[in-house]
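Hi,

Here is the structure I promised to pass on. Have a look at it first, and then read my notes below.

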Amino acid sequence: MTHIWQTEMFTLRNKTLLLGLLLTSLVLLATIPAYANNRSIEATAHLTTPFSIPRSHTVQINDKERTYKLYIKLPKGYKASENRDRQYPVIYLTDAMYTFQIMSGVTRFPMNSKQMQPAIIVGISWELGLRSDHSRVRDYTPSVDSSWKKVTGGAERHMRFLRDGIIPYMEQNFRVDPSQRTYVGNSLGGLFGAYILLKQPELFRNYLLGSPSLWWQERHFLTQFAKNINSLKEIDANVFIGIGALEHNGEGGDSDHDMVADAQHFKALLNNLEVNNPDLNSKLLIINEAHHATAFATSAIHGIDWLFNHELGVSQ
């Protein structure tokens with residue numbers, strides 16, 4: 001009996017010891033996150049500062065009763081005395097609140113490593129005070145579609161604003177090279193860029209069209225481009241088209257439209273023009289595993305490299 005009792009007491013002591021260790025561990029574990037959280041909150045409070053893209057600022061510019069904001073980023077060395085007579089290419093972006101940050105990041109390393117010539121970046125906002133979707137649907141669409149509840153068909157006016165307002169403002173206030181303008185637009189912005197190429201191709205030397213919404217109004221633009229192709233034989237431009245491989249409405253696709261087929265159709269029209277026009281260059285990139293929401297960043301990276309790379313680029 002004594003042996004059994006001693007064994008039970010030993011086991012009880014062990015259980016008590018283990019229970020004490022467990023409770024101690026739980027207390028320590030409970031205090032560590034609180035301590036860490038307190039430190040994290042304190043550090044965050046001390047380190048919070050506004051973020052801005054280096055060498056960038058905004059200005060407001062009017063198109064009659066409409067007001068837009070320009071996001072302008074100057075390249076490194078722009079204000080250096082040794083560059084006071086240097087002129088710079090300008091990259092114009094639509095949908096600035098989305099594209100400006102991407103293009104700033106895309107071009108930073110190529111410019112700093114001298115794989116790309118320094119350029120000024122200009123992002124054009126949507127109309128201030130108007131919902132973004134209403135502004136872009138109105139400004140970027142080339143034809144009126146009465147089936148839409150939003151105002152449509154304002155591309156002609158917006159192109160004139162770009163030509164007669166934004167570009168002159170930049171050329172009056174900054175050292176820009178008027179022969180080296182690049183247009184960048186995505187989705188409806190890509191459609192708007194294609195419209196400029198059709199109506200006034202000399203406005204830009206380079207066109208970077210990401211996932212262009214060529215489906216608009218039953219492919220109205222593609223029909224107009226094909227009808228006017230004989231008048232476009234003297235186009236002097238480089239045209240890059242990027243499209244996600246999943247931007248179609250077939251099996252495995254992620255779109256309500258076959259945007260891949262539309263982009264291929266547009267590229268075929270450009271190919272026909274290139275046969276007798278050495279001043280026109282075009283490239284279509286179909287991006288594997290990309291859909292409409294993810295394709296633009298890759299289009300921007302590859303498009304800018306194709307247009308500006310000192311060894312591979314076409315814009316020299």
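**Strand β5 and its surroundings**

Strands β5 and β6 (residues 206-210) run parallel and are paired through five bridges. Strands here are DSSP E runs of at least two residues, helices are H or I runs of at least four, and both are numbered from the N terminus; two strands count as paired if DSSP finds at least two bridges between them. Across this pairing, Y183 sits opposite Y207 in β6. To get from β5 to β6, the chain goes through helix α5 (residues 188-199), making a right-handed β-α-β crossover (with the strands pointing away from you, the path from the first strand over the helix to the second runs clockwise).

Before you go further: this is a predicted model, so local features need pLDDT of at least 70 and side-chain atom pairs count only at pLDDT 80 or more, while totals for chains, interfaces and linings use all residues. Residues are numbered from 1 along each chain as its sequence is written, and side-chain values use heavy atoms, leaving out hydrogens and water.

β5 also has parallel strand β3 (residues 88-93) joined to it by five bridges, with V90 opposite R181 in β5. Why is β5 largely enclosed by the rest of the structure? Because eight of the eleven residues in β5 (residues 176-186) are buried, meaning under 20% relative accessible area with a 1.4 Å probe, protein chains only (over 50% is exposed, in between partly exposed).

Now find helix α8 (residues 295-308), which has 14 residues. Its buried residues include F296, W306 and F308. They pack against several elements, among them β3, β5 and β6 (contact means heavy atoms within 4.5 Å).

Cheers

Technical notes
The expected span of a helix is 1.5 Å times one less than its number of residues.
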